[in-house]
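This report concerns the architecture of one protein model. Please consult the sequence and the coordinates shown here alongside the text.

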Amino acid sequence: MSEVSFYHLQSDPIERALPRLLEKVTERGFRVIVRGVTEERLDILDESLWSYRSESFLPHARDESGLDPAAQPILLTLAGEGNANGANVLVLTEDAAADDLASFERCLYMFDGNDETALTAARTRWKAFKEQDIAVSYYQQTEAGWEKKA
């Protein structure tokens with residue numbers, strides 16, 4: 001059974017916050033699928049993973065890139081099911097579908113707390129996961145980093 005951690009973005013946008021989280025996740029040897037709903041969001045995340053720090057980048061690919069998905073430690077994909085790179089961690093952006101949640105050890109649900117639609121979707125998803133007896137936790141972005149609130 002997966003554990004879902006909600007990440008409430010308040011100051012940094014996802015394209016700045018996600019690379020830092022992914023760096024920690026991949027340092028621990030985990031493989032990741034980042035799932036979005038729109039091409040625009042994936043384009044922004046793709047660019048940010050290459051350029052978020054001048055001295056490094058996070059190796060990754062888009063699922064339609066033609067590169068072998070199994071060779072990618074981080075795979076960016078549009079909403080749907082599948083685990084083409086054998087990921088342990090699923091990152092959901094834009095309230096992407098998680099029908100295959102049981103295929104992953106962990107799920108990071110990221111949402112923009114300054115967007116009322118995203119906030120409502122996150123609350124709905126939290127409630128749905130709790131009703132399914134899925135372990136959930138909640139982290140809020142602060143100037144000092146992520147603070148666990150629940």
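## Conventions and strand order

Two strands are taken to pair if DSSP finds at least two bridges between them. Helices (H or I, at least four residues) and strands (E, at least two) are DSSP runs, numbered from the N terminus. The model is predicted, so local features need pLDDT of at least 70 and side-chain atom pairs count only at pLDDT 80 or more, whereas totals for chains, interfaces and linings use all residues. Residues are numbered from 1 along each chain as its sequence is written, and side-chain values use heavy atoms, with hydrogens and water left out.

The model contains an open sheet of eight strands with mixed pairing, in the order β3-β4-β2-β5-β6-β1-β7-β8. Its edges are formed by β3 (61-62) and β8 (145-148). Each of these edge strands has a single partner strand, so one side of each is left without a neighbour in the sheet.

## Strand β4 and its partners

Strand β4 comprises residues 74-78. On one side, β3 and β4 pair in the parallel sense over two bridges. Alanine 61 has leucine 75 of β4 as its bridge partner, and arginine 62 stands opposite leucine 76 in β4. The strands β2 and β4 also run parallel, joined by five bridges; here valine 34 has leucine 76 of β4 as its bridge partner.

β4 is mostly covered, with four of its five residues buried. Buried denotes under 20% relative accessible area, exposed over 50%, and partly exposed the range in between, for a 1.4 Å probe and protein chains only. Threonine 77, a residue of β4, counts as buried because its relative accessibility is 13%. Leaving aside neighbours within four places in sequence, threonine 77 is in contact (heavy atoms within 4.5 Å) with Ile33, Val34, Arg35, Gly36, Leu42 and Asp63.

## Helix packing

Two packed helices are described by the angle between their axes and the distance between the axes. Axes are lines fitted to C-alpha atoms, for helices over the stretch in contact, and angles run from 0 to 180 degrees between N-to-C directions. Helix α1 (residues 14-27) packs against helix α2 (residues 39-51) at about 55°, and their axes are 9 Å apart. The angle therefore makes α1 oblique to α2; angles under 35 degrees count as roughly parallel, over 145 as roughly antiparallel, 65 to 115 as roughly perpendicular and the rest as oblique.

Ile14, Glu15, Leu18, Pro19 and Leu22 of α1 meet Arg41, Ile44, Leu45, Ser48 and Leu49 of α2 in this contact. These residues divide into seven nonpolar, one polar and two charged. In this classification, Ala, Val, Leu, Ile, Met, Phe, Trp, Tyr, Cys and Pro count as nonpolar, Asp, Glu, Lys and Arg as charged, and the others, Gly among them, as polar.

## The loop between β5 and β6

Which backbone feature marks glutamate 94? Glutamate 94 is not a glycine, yet has a positive phi of about 55°. Glutamate 94 lies in the loop between β5 (89-92) and β6 (106-112), and counts as partly exposed because its relative accessibility is 31%.

Aspartate 95 is found in the loop between β5 and β6 and has a positive phi near 55°, again in a residue other than glycine. At 33% relative accessibility, aspartate 95 counts as partly exposed.
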